[in-house]
Amino acid sequence: MQVNFKGVAADYQIGPIRSKNIIQQVNLCLPSQSFTAIVGHTGAGKSSLLKTINGLLLPTTGTIQVGDQTITADSPSKAVLKSIRQTVGMVFQFPEAQLFAETVEQDICFGPLNFGVSKQEAKQLAQEAIALVGLEESILAKSPFSLSGGQQRRVAIAGVLVMNPDVLVLDEPGAGLDPKGKDEILTLVKNLHESKGITTLLVTHEMNDVARYADDVVVMEHGEVVAHKPVHTFFDDVQQLKSWSLDLPEARRFQLRIEKEANVKLPKVCLTIDDLVASLIEVGLA
Ligand SMILES: Nc1ncnc2c1ncn2[C@@H]1O[C@H](COP(=O)(O)OP(=O)(O)O)[C@@H](O)[C@H]1O
Ligand SMILES: [Mg+2]
């Protein structure tokens, strides 16, 4: 499913005070089945942009199209919001903070039950969702609060996946997890993206993750989208990355170092260590 921002601006109303435009002039098309990373400094508007996709933050101007549904500045109808919230799965930062029920099963079933699914069917869906996130079925009977942080994060993600979203939006889903836990979550997201064709949007600070998992990159600065490029093109232009104070992925950094020391040019932009090894073998340096 495609997500299309046209001339979107948004801000926050805090009591009588209206913040300046937090999101400005965003024109951005995320094609169906794309996997896009959003990067940019803290405060650039990444989380706010995600919130506009399911109407948690309404635009002051412009439109956001999600499939054939459209969000505009005039409060969209309840029916449109309900439909969009069913279609767009949102994994917020530290989503485990929103776990609340007595058992994992009750927590995961909450969404489907709200959307009118029968109890029996919801239980069946919860079993499928818990398997999708790589947890044992026996965990369904446990209290979410008895689980490890990594398991809680997976349960929270299962509670989003159980709605079978066409668009999945994740705000720093690896934050606070150890490297192994983070890689497992992102691999899971990537596999789901590939097997189900879910349009995926991932906010991350970690350039290694951008290089490993995303196909395209969006850069945000001061509420604006300043770049939207395929990942290879993005990491090719080192000067441009410097101007945004963005890091390079490890493999790309090694590549530049090797190219400089050995005075060679490798045939392609290397995003992973595997890419780098293959390129070094190709030019006879390994
Ligand atoms: N709920 C809110 N109310 C008021 N201002 C907010 C709120 N959330 C974010 N902001 C402001 O919006 C700007 C963008 O924030 P955010 O979208 O969280 O950026 P990012 O996710 O890139 O760090 C910041 O200046 C932040 O202070
Ligand atoms: Mg944020």
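## Salt bridges between separate parts of the chain

A residue counts as partly exposed when its relative accessible area falls between the buried range, under 20%, and the exposed range, over 50%. D215 has a relative accessible area of 36%, so D215 is partly exposed. This value, like the others in this report, comes from a predicted model.

The side chain of D215 forms a salt bridge with that of K190, at 3.9 Å from N to O.

D209 is buried, because its relative accessible area is 4%. K182 also counts as buried, at 18% relative accessibility.

The side chains of R257 and E261 meet in a salt bridge of 3.3 Å, N to O. Both residues are in helix α10 (residues 250–262), where a spacing of four residues places them about one turn of the helix apart. R257 is exposed, at 55% relative accessibility, and E261 is exposed as well, with a relative accessible area of 60%.

Elsewhere, R154, K180 and E184 are joined into one network by salt bridges that share partners. The count for the model is 11 salt bridges.

The shell around ligand 1 consists of Y12, I14, I22, H41, T42, G43, A44, G45, K46, S47 and S48. By class, four of these residues are nonpolar, six are polar and one is charged. Helix α1 (residues 46–53) supplies the largest share of the shell, with three residues.

Several polar contacts involve oxygen atoms of ligand 1. A backbone N or O atom of G43 is 2.7 Å from a ligand oxygen. In the side chain of S47, an N or O atom lies 2.8 Å from an oxygen atom of ligand 1. For S48, a polar side-chain atom is 2.5 Å from an oxygen atom of the ligand. On its own, ligand 1 has 560 Å² of accessible area, and the protein covers 61% of that area.

## Nonpolar patch on the surface

F254, I273, V277 and I281 make up a nonpolar patch on the surface. Together these residues have about 350 Å² of accessible area. Helix α11 (residues 273–282) contributes the largest share of the patch, with three residues.

V277 is one of the patch residues, and its place is in helix α11. V277 has a relative accessibility of 41%, so this residue counts as partly exposed. Membership of a patch requires over 30% relative accessible area, and V277, at 41%, is above that cut-off.

Note on methods
Residues are numbered from 1 along each chain as its sequence is written. Chains are lettered from A and ligands numbered from 1 in the order in which they are written. This is a predicted model: local features need pLDDT of at least 70, side-chain atom pairs count only at pLDDT 80 or more; totals for chains, interfaces and linings use all residues. Side-chain values use heavy atoms; hydrogens and water are left out. Patches are made of residues with over 30% relative accessible area and no salt bridge: like charges are joined within 9 Å, nonpolar side chains (Val, Leu, Ile, Met, Phe, Trp, Tyr) within 5 Å. Accessible areas come from the Shrake-Rupley method with a 1.4 Å probe; for residues, only the protein chains shown count as cover. A salt bridge is a side-chain nitrogen of Lys or Arg within 4 Å of a carboxyl oxygen of Asp or Glu. Helices (H or I, at least four residues) and strands (E, at least two) are DSSP runs, numbered from the N terminus. Buried means under 20% relative accessible area, exposed over 50%, partly exposed in between (1.4 Å probe, protein chains only). A residue is near a molecule or strand if one of its heavy atoms lies within 4 Å of it. A polar contact is a pair of N or O atoms within 3.5 Å; within protein, one must be able to donate a hydrogen and the other to accept it, and residues adjacent in sequence count only if both atoms are side-chain atoms. Ala, Val, Leu, Ile, Met, Phe, Trp, Tyr, Cys and Pro count as nonpolar, Asp, Glu, Lys and Arg as charged, and the others, Gly among them, as polar.
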